[in-house]
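Biologist: I would like to learn how to read a model like this one, feature by feature, with the cut-offs stated as we go. Could we look at it together?

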Amino acid sequence: RYPNGGKAQPNRHQTADPEPSARLASATDIDFALEKHGELLDISRQDLQELLQEAQLHALRERVGTVCCRDVMSRDLIVISPDESAMAAWHLLAHHRIKALPVVDETGRLAGILTLHDLMIDRERQQPREAIALAQWRVAELMTREVRTARSYQPLYDLVGAFSDGGLHHMPVLEGDQLVGILTQSDMVAALFTLALQPGLADEGVPSP
């Protein structure tokens, strides 16, 4: 399309599904609305869809209001040291039924994050790891060091894109350089669902879980 041109990028999972943020107003819905209008509009279907998505995001900002990460994040954190064994990390994940462990140093500073995927898949070879080999690895050797983080005072709506189209499942929350919480997809879904049912909570802040 002119002047922007180019095809829409495939989603991060390399499947035919549109990104999550684009699913509420599908191409079929747009076509139906354009046909029902009954006259030629000087706007492409894709441009109209982008405008609708921007309007939806604006509406979300208005509804979510002043709710911040600290209002919905988990505070009782299960963490691990970089020097621990990968097997110890595996046991923590299994016992607490979680999928990621923030990795912190002795001062409480975030050093990385270790996920279930990191333990199960060798990223270089893209092959499953053997369970017996986990005892030979340290957390520092398997963790992801470049971690996207949030600030405790950051508005919740700032992070919607990262958890939907960005595909993040966990985001450590910092105050200064100290780890103070973690925000998960479950936290986001629960908070947004609660705000959708009770919009007035946006002015008060959603109670922490």
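Predicted model: local features only at pLDDT ≥ 70, side-chain atom pairs only at ≥ 80, totals over all residues.

Biologist: What percentage of the residues count as buried?

Modeller: A residue is called buried under 20% relative accessible area, exposed over 50%, and partly exposed in between (1.4 Å probe, protein chains only). By that rule, 30% of the 209 residues count as buried.

Biologist: How many helices and strands does the chain have?

Modeller: Helices (H or I, at least four residues) and strands (E, at least two) are DSSP runs, numbered from the N terminus. This chain has eight helices and seven strands. As for contacts, which here means heavy atoms within 4.5 Å, 58% of those with a separation of 6 or more are between residues 24 or more positions apart.

Biologist: How should I read a sheet, and in which order do the strands of the open sheet stand?

Modeller: Strands of a sheet pair through backbone hydrogen bonds, either parallel or antiparallel. Two strands are taken to pair if DSSP finds at least two bridges between them. Here three strands form an open sheet in the order β5-β6-β7, with mixed pairing. Because β5 and β7 stand at the edges, each with a single partner strand, one side of each is left without a neighbour in the sheet.

Biologist: Which bridges join these strands, and in what sense do β5 and β6 pair?

Modeller: Strand β5 (residues 150-151) pairs with strand β6 (residues 170-175) in the parallel sense over two bridges, and Leu 174 of β6 is the bridge partner of Arg 151. Between β6 and strand β7 (residues 178-184) there are six bridges, and these two strands run antiparallel. Along that pairing, His 170 stands opposite Thr 184, Pro 172 has Ile 182 as its bridge partner, and Glu 175 stands opposite Gln 178. The hairpin of β6 and β7 has two residues between the strands, and Gly 176 takes a positive phi near 65° there.

Biologist: Is Thr 184 buried or exposed?

Modeller: With a relative accessible area of 18%, Thr 184 is buried, and, not counting residues up to four places away in sequence, Thr 184 touches Phe 163, His 169 and His 170. Its strand, β7, is mostly covered, with five of its seven residues buried.

Biologist: Which residues have the most contacts inside the largest nonpolar core?

Modeller: A nonpolar core is a set of buried Ala, Val, Leu, Ile, Met, Phe, Trp, Tyr and Cys residues joined through side-chain atoms within 4.5 Å. The largest one has 16 residues, and those with the most contacts inside it are Leu 156, Leu 159, Leu 183 and Met 188. Two or more residues of this core come from each of α3 (69-72), α7 (160-163), β6 and α8 (185-197). Apart from it lies another core, of twelve residues, among them Ala 86, Ala 89, Leu 93 and Leu 101.

Biologist: Which residues of helix α4 are buried, and what do they pack against?

Modeller: In α4 (residues 86-96) the buried residues are Ala 86, Ala 89 and Leu 93. They lie on the same side of α4 because they cover an arc of only 55° around the axis, the arc being that of the directions from the helix axis to the C-beta atoms. These buried residues pack against β1 (100-104), β2 (110-115), α5 (116-120) and α6 (139-142).

Biologist: Which side chain makes a polar contact with that of Ser 152?

Modeller: A polar contact is a pair of N or O atoms within 3.5 Å; within protein, one must be able to donate a hydrogen and the other to accept it, and residues adjacent in sequence count only if both atoms are side-chain atoms. The partner here is Glu 175, at 3.1 Å. Ser 152 is found in the loop between β5 and α7 and counts as buried at 4% relative accessibility.

How values were computed: Residues numbered from 1 in each chain as written. Heavy atoms only, no water.
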